Amino acid sequence: MTRDRKIYRLIYWIASVVLAAVLLSGFHKLLYPSDFAVSVYRFHLLPGFLVNPAAIYLPWLEAVCAVCLLFIPRFRPAALWIVLVLLVLFTAAIGISLIRGTAFGCGCFGRAADEDPLSWINIIRNAGLIALAVFALVARKKI
Amino acid sequence: MRRLASHLHQMKTTIRQIGLILFVSGFLAVLANTVHPRKIPWVQDWSHQVESRAKDLRIRVVPFSGAKKLHADEEALFVDARSETDYTAGHIPDAVSLPFEALDEHFEQIMEWTDSDQELVVYCSNRECDDALLLSAELKSMGVSNLTLFIDGFDSWKTFGEAVE
């Protein structure tokens, strides 16, 4: 294996692990679906009848993607694509909320009512994660 | 040509795998929400939520963190919409008591707020009570424009250890 391929492999692996860790850090959404439903609702982006299905489904999608990223290498590219799309959607949702002036916590990594409200820092953090997912997908092609 | 075919094959595999991940996640979500001790209804009417009604009335809503910041800035006046008894038992420092049912008695005070464009942060006990929302709606109709509803209310203020008078 050439040195470049080793580096790409390392990028692919590290990016996958970091993204999986970020996804798993939102495990509270699996434990407290009603709190997450409130967070989804507070974005005011989905029609009411889709709020609960989204709040039930998204945490499981994230968990399954995290498991694929960590333990099922064959499914890693597919999981990376899903994570990338999710991150883009979440970032757009946060951006819209910020433009509208909504000041609630996003409910991404915690359920506490004293969670800091959304800010442009959330956008920057998500942009970093999007870049990481893109790096991983590009690195995968080079391996 | 062979490279293109290989790319197409890889793409097809990835799309199939994406479908499988979406399906497995859906299956697990349905299963979990069937047996979960804190399961939620699949469809819920959100239109009666205080926040939703506030949004319809175009009243600004802030959570605990937002209210904490507004209180620290010392520019906004906090208005307690709970009963006089609850207010006496404990309230946010410097908050004034204005129970919804006693609105008429405070007419002059409200007119002063309207004229001075004083920022008001109205609260009641928690997300479930609608005293603060009703009061906010009434104040708005009386001409108070700089109005914010502190949705998490006094319960969260106490829970997170903020000072109480």
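Helices (H or I, at least four residues) and strands (E, at least two) are DSSP runs, numbered from the N terminus. The structure is a predicted model, in which local features need pLDDT of at least 70, side-chain atom pairs count only at pLDDT 80 or more, and totals for chains, interfaces and linings use all residues. Residues are numbered from 1 along each chain as its sequence is written.

Chain A contains six helices and zero strands. Of its 143 residues, 45% are buried (under 20% relative accessible area, with a 1.4 Å probe and protein chains only).

Two packed helices are described by the angle between their axes and the distance between the axes. In chain A, helix α4 (residues 48–71) packs against helix α5 (residues 76–100) at an angle of about 140°, and their axes lie 9 Å apart. The arrangement of α4(A) and α5(A) is therefore oblique (angles under 35 degrees count as roughly parallel, over 145 as roughly antiparallel, 65 to 115 as roughly perpendicular and the rest as oblique).

| Residue | Location | Relative accessibility |
|---|---|---|
| W42(B) | loop between α1 (2–35) and α2 (50–56) of chain B | 37% |
| S52(B) | helix α2 of chain B | 11% |

W42(B) counts as partly exposed because its relative accessibility is 37%, a class that lies between buried and exposed (over 50%). S52(B), by contrast, is buried. The C-alpha atoms of S52(B) and E74(B) are separated by 28 Å, and these residues are 22 apart along the chain.

Methods
Chains are lettered from A and ligands numbered from 1 in the order in which they are written. Side-chain values use heavy atoms; hydrogens and water are left out. Axes are lines fitted to C-alpha atoms, for helices over the stretch in contact, and angles run from 0 to 180 degrees between N-to-C directions.
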